[in-house]
Amino acid sequence: MYLRKSFVIILLVGLLLASCGGQETTETPISEMDAFLTAGVGTLAASIFQTQTALVPTNTITPVTTASPTNTFLPAITLPPLSSPTLGLLSTQVVFVGSPTPTGTQYTPTPNPSTLSYGCNNSALIRDVNYPAGTVLKPGEKFTKTWQIANTGTCDWVYLYHLVFISGDSMGGSPSNLGKVIKPGEWIQLSVNQTAPSDSGTYKGYWRFGDQSGNVFGATLGVSIVVSSPTKTPKPTDTPVPTPVTPSYP
């Protein structure tokens with residue numbers, strides 16, 4: 001609407017100038033009149049443009065306010081207490097088949113039993129069943145030494161396994177074959193028949209268990225006895241019987 005009014009005003013001013021140009025005047029020279037009208041038109045145009053500029057709203061740049069992030073802490077979540085597992089020792093009971101439950105003092109495991117093995121075979125001494133070390137025997141006395149051992153290997157002991165003499169005094173020992181199957185974890189009593197030497201003194205012999213080929217393994221089985229000196233019975237001496245004296249009378 002303001003541009004239309006401005007155009008009308010400029011048009012009127014142009015018509016005014018055109019009408020004035022065809023008339024003569026004696027009061028003001030044409031050049032001065034032209035300058036006056038030109039200045040007036042410029043002033044009018046400047047006024048119009050200033051008015052239009054004032055009417056146009058100024059674009060005000062509103063700074064965008066960026067919201068600062070705020071750290072909102074979530075409430076702490078309290079977890080239910082976990083049930084702590086109870087650590088217990090798994091007790092494994094070794095069941096020995098074919099023999100009564102051993103009683104008395106148990107054997108002491110070898111510190112490094114794997115060094116005594118041969119292949120999958122191994123054994124451990126449980127106890128001396130009879131004739132502990134230092135047992136006194138008479139010269140020539142027969143006895144049967146027995147040990148209780150456990151199969152601590154990973155394979156079965158089979159029929160032809162047997163005791164093998166290692167060193168010391170065998171004292172006439174002649175062990176027989178196992179004659180049965182002993183599985184890992186089972187135990188058995190092994191015996192050997194022996195005879196005490198005829199001379200007095202201390203005698204020791206050492207045995208180990210072996211497979212059918214004589215390859216020994218496991219704990220060393222020992223026997224130690226003391227042969228006593230024979231007690232000599234003194235021979236009876238003949239004591240002369242006194243002859244009775246018969247008294248004589250005069």
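How many aromatic pairs does the structure hold? The structure holds seven aromatic pairs, where the rings of Phe, Tyr and Trp (its six-membered ring) pair if their centres lie within 6.5 Å. The model is predicted, so local features need pLDDT of at least 70 and side-chain atom pairs count only at pLDDT 80 or more, while totals for chains, interfaces and linings use all residues. Residues are numbered from 1 along each chain as its sequence is written, and side-chain values use heavy atoms, with hydrogens and water left out.

One of the pairs is formed by tyrosine 161 and phenylalanine 209, whose ring centres are 6.0 Å apart with planes at 55°, so this pair is tilted. Planes under 30 degrees apart count as stacked, over 60 as edge-to-face and the rest as tilted. The pair links distant parts of the chain, since tyrosine 161 is in the loop between E3 and E4 and phenylalanine 209 is in strand E6 (residues 201-210), 48 residues apart. Helices (H or I, at least four residues) and strands (E, at least two) are DSSP runs, numbered from the N terminus. Phenylalanine 209 also pairs with phenylalanine 217; here the centres are 5.8 Å apart and the planes lie at 75°, so the arrangement is edge-to-face. Both tyrosine 161 and phenylalanine 209 are buried, and phenylalanine 217 is buried as well. Buried means under 20% relative accessible area, exposed over 50%, and partly exposed in between (1.4 Å probe, protein chains only). Trp157, Tyr161, Phe209 and Phe217 form one aromatic cluster.

Histidine 162 is placed in strand E4. A polar atom of its side chain lies 3.0 Å from the backbone oxygen of leucine 160. Apart from neighbours within four places in sequence, histidine 162 is in contact (heavy atoms within 4.5 Å) with residues including Phe209, Gly210 and Asp211.

The structure holds one disulfide, that is, a pair of cysteine sulfur atoms within 2.5 Å. Cysteine 120 is joined to cysteine 155, with an S to S distance of 2.2 Å. Cysteine 120 lies in the loop between helix H2 (30-55) and strand E1 (123-128), and cysteine 155 in the loop between E3 and strand E4 (162-168), so the pair ties together parts that are 35 residues apart in sequence. The torsion about the S-S bond is about 90°, so the disulfide is right-handed. Cysteine 120 is partly exposed, at 34% relative accessible area, whereas cysteine 155 is buried, at 17%.

Asparagine 151 is in strand E3 (residues 142-151) and is buried, with a relative accessible area of 2%.

Key: Polar contact = N/O pair within 3.5 Å; in protein donor to acceptor, adjacent residues only side chain to side chain.
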